[in-house]
Amino acid sequence: MSSYVAPLKDMLFVINELAGLDAVAKLPGCEEVNAELTEAVLTEAAKFAQEVLEPLNRVGDKEGAKLADYKVTSPSGFKAAYKQYCEAGWNALGGLAEFGGQGLPHIVANPVQEMWNSSNMSFSLCPMLTSGVMEALGQHGSAEQLQRYMPQLNSGEWSGTMNLTEPQAGSDLAAIRARAIPEGDHYKISGTKIFITWGEHDMTDNIVHLVLARLPDAPEGVKGISLFVVPKFLINADGSLGARNDLKCISIEHKLGIHASPTCVMQYGDAGGAVGYLVGEANRGLEYMFTMMNHARLAVGLEGVAIAERAYQHALEYAKTRVQGREVGQRGGDRVTIIHHPDVRRMLMHMKSQIEAMRALAYMSAAILDKAKHHTDVAEKRRNQALIDLLIPVVKAWCTEQCVEIASTGVQIHGGMGFVEETGAAQYLRDARITTIYEGTTGIQANDLVGRKVGYEKGATALAVIAEMRKTVAALGSDIAGSFKPLSAAVDALEAATHWIVETFPRNPNAVFAVAVPYLKLFGTVGGGWMMARAAKAVQKKRAQPGADTAFLDAKLATARFYCEHVLPQAAAYQQTVMSGADSVMALAESQF
């Protein structure tokens, strides 16, 4: 079994050269952030990920979380690791400084999150949800709620969850039935919520649930949903914990992967109603929850990068140590490790090149999110918000879809041994599979992209991004421009498909939704090529500097070239599917399936 090693060189290259750390450091509240601090934070995070979290990954997968008498017990070592995690200050990395957080921007916090996901995805889901709760409360909670919950959420003494869906609702949140009845200064919450990650566990003293529910006079549909904060234990006036609230975990799911992360069915109000407090204004709950959901969707896209990286490292170690066959064309001589075989090289390059493109797109999005939150210029703030709104469904869905493919390729490199659990390769494929589903399936992300982000906006932000892609192509030096000819054609394909979406959406939205996923994959594929071209341009600049790490930089160029030659040609096929394939999607009557 291989051990995880954080790819610090790759991470820092993207942060400094592609995502634009310097620009983020000029934003209000981010002035203390610089390259030296970032490298120091990432180096320490790498040690924690490698030494504390990674050794528990297989333990958690084998043991899983256990439920008895409505109490969930985490796998061996998790509680102690969580205590270390919080004592080291990792839980407070991106939290508001006035409540004990460190206030670091997303461009620093997100790469750290990648390490947690790579080393132990099940563990990382608990603090990830907590950070989402802090994000939502920080933007929409009252001053009293901030004082009551944020210090302990920052410290990690308490964790947080999001409670959206219900058995009859699935992704259709308009069908939510959970009720909230006013009673004095609070509400009594009742109903059942499903798929609640870390909804019950033994690692913290309290769990703060954000719950969507309806008031008695609420309008139908999503416009009648309100958001409530519902703690596991009630909080006394002096801040100490009081009585157990009327909520409990009645079961946990038996899942394909992420076995150590309890996915709970939460029951509220069996004994009269769980005490909850309204967040913000009534009937604006879904709007508020989307603050947390968008935060979570970007984080899930990063999970795709992280699990792909771990699967790649595992496969690479196997390829370097597994002896099988002789080199092509040799009848005699020693048998060689499988990394000498061309097809294994192809698979490894496919994994590596896509991971580099995915990471760059995800980190760039984190920097854009920082600008959307902190920029002082209103127009620039609005432009960055539109840009991150466009990119979040792409990062979430494209990075996770590619992650499943990459993890599957990792199993393939292992051959038959990859199908055997003892080698560990299968866990990454099992864990990866959920990432395309939770926080909105790939289809939901694609519908959001073509509808709200391209169709309704008439392609304004998408076409602005495409214009930036063209500037990158034009700025490539003559010595590498030839390698990136496929990128120019791929950008043409994306632009043509975008115009088709804009023109078709007003008169036939069903046709657009029928090819939404191919369009999203087209956007991700071309966006990845854009990132690789920007990386190649940065390599050109860095190679001219004294003491340049030429081996590392040459590898970057080779990987970028591979992406252009092996991945970008898919763009033409996606374009054809988008512009010509809608009718065949709807061709059969229901009875013909």
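Accessible areas here come from the Shrake-Rupley method with a 1.4 Å probe. By that method, the protein chain of this predicted model has an accessible surface of about 24000 Å². Carbon and sulfur atoms hold 52% of that surface. The protein chain has 593 residues, and 56% of them count as buried.

**Overall build**

- The secondary structure of the protein chain comprises 20 helices and twelve strands.
- Along the principal axes, the C-alpha atoms of the protein chain fill a box of roughly 80 × 60 × 55 Å.
- Take the contacts in the protein chain with a separation of 6 or more: 75% of them come from residues 24 or more positions apart.

**Domains**

- The protein chain is divided into three parts: domain 1 (7-283), domain 2 (292-327 + 335-440) and domain 3 (442-586).
- Domain 2 is written as two segments, 292-327 and 335-440.
- The centres of domain 1 and domain 2, taken over C-alpha atoms, are 23 Å apart.
- Between these two domains, 42 residues of domain 1 are in contact with 40 residues of domain 2.

**Aromatic rings**

- The whole structure holds 14 aromatic pairs.
- One of them joins Phe13 and Phe552, with ring centres 6.0 Å apart. Their planes stand at 75 degrees, so this pair is edge-to-face; the cut-off for that class is over 60.
- Phe13 belongs to helix H1 (residues 8-19), and Phe552 belongs to helix H18 (residues 550-567). The pair therefore ties together parts that are 539 residues apart in sequence.
- Both Phe13 and Phe552 are buried.
- One aromatic cluster is formed by Phe48, Phe78, Tyr82, Tyr85, Trp90, Trp116 and Phe123.

**Charges over rings**

- Arg148 places its charged end over the ring of Tyr277, 5.5 Å from the ring centre.
- Lys248 lies over the face of Tyr70, and the distance to the ring centre is 4.5 Å.

**Tyr70 and its loop**

- Tyr70 sits in the loop between strand E1 (66-68) and strand E2 (71-73).
- The phi of Tyr70 is positive, near 65 degrees, and Tyr70 is a residue other than glycine.
- Tyr70 has 43% relative accessibility, so it counts as partly exposed. That class lies between 20% and 50%.

**Lys458 and its loop**

- Lys458 is found in the loop between helix H12 (442-455) and helix H13 (460-475).
- Lys458 is not a glycine, yet its phi is positive at about 55 degrees.
- The relative accessible area of Lys458 is 59%, so this residue is exposed. Exposed means over 50%.

**Glu565 in helix H18**

- Glu565 is part of helix H18, the helix that also holds Phe552.
- Glu565 is partly exposed, because its relative accessibility is 42%.
- Glu565 and Lys485 are 80 residues apart along the chain, and their C-alpha atoms are separated by 9.2 Å.

Definitions and conventions: Residues numbered from 1 in each chain as written. Predicted model: local features only at pLDDT ≥ 70, side-chain atom pairs only at ≥ 80, totals over all residues. Heavy atoms only, no water. Phe/Tyr/Trp six-rings, centres within 6.5 Å; stacked < 30°, edge-to-face > 60°. Helix = DSSP H or I, 4+ residues; strand = E, 2+ residues; numbered from the N terminus. Buried < 20%, exposed > 50% of the residue type's maximum accessible area, 1.4 Å probe, protein only. Lys NZ or Arg CZ within 6 Å of the ring centre and 35° of its normal. Contact = heavy atoms within 4.5 Å. Domains from an automatic or database assignment.
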